[in-house]
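Hello,

Here is the structure for you to look over. My notes come after it.

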Amino acid sequence: MLRGVRGATTVEINERQEILERVVELLTELVNKNQICTEDIAAVIFSATPDINAAFPATAARQIGWAQVPLFG
């Protein structure tokens, strides 16, 4: 069975640390609220508005250990 989960977050300023912190917060909340095991994640697609470019959101996923999850942006 394949299921999709969607989430979104915002940042106050276009700074690397702010972006990464908000994405970690989002991903953590998504897996916790939906009882998802990271081993069961087939892929993640990230998008951002053109004005948010100080960091690639997938970097945050790698920082929290999502090493085997395909990440697209």
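This is a predicted model: local features need pLDDT of at least 70, side-chain atom pairs count only at pLDDT 80 or more; totals for chains, interfaces and linings use all residues.

Local features need pLDDT of at least 70, side-chain atom pairs count only at pLDDT 80 or more, totals for chains, interfaces and linings use all residues, and side-chain values use heavy atoms, with hydrogens and water left out.

Asn14 sits in the segment before helix 1 (16–33). Helices are DSSP runs of H or I, at least four residues, numbered from the N terminus. Asn14 counts as partly exposed because its relative accessibility is 32%; the class lies between buried (under 20%) and exposed (over 50%), with a 1.4 Å probe and protein chains only.

What does Asn14 touch, leaving aside neighbours within four places in sequence? It is in contact (heavy atoms within 4.5 Å) with Ile19, Asp51, Ile52, Asn53 and Ala54. Its side chain makes a polar contact of 2.8 Å with the side chain of Asn53. Such a contact is a pair of N or O atoms within 3.5 Å, one able to donate a hydrogen and the other to accept it; residues adjacent in sequence count only if both atoms are side-chain atoms. A polar side-chain atom of Asn14 also lies 3.2 Å from the backbone oxygen of Asp51.

Now the core. A nonpolar core is a set of buried Ala, Val, Leu, Ile, Met, Phe, Trp, Tyr and Cys residues joined through side-chain atoms within 4.5 Å. The largest has 15 residues; Val44, Phe46, Trp66 and Leu71 touch the most other members. Helix 1 and helix 2 (58–63) each give two or more residues to this core. Helix 1 gives the most, with five.

Best wishes

Key
Residues are numbered from 1 along each chain as its sequence is written.
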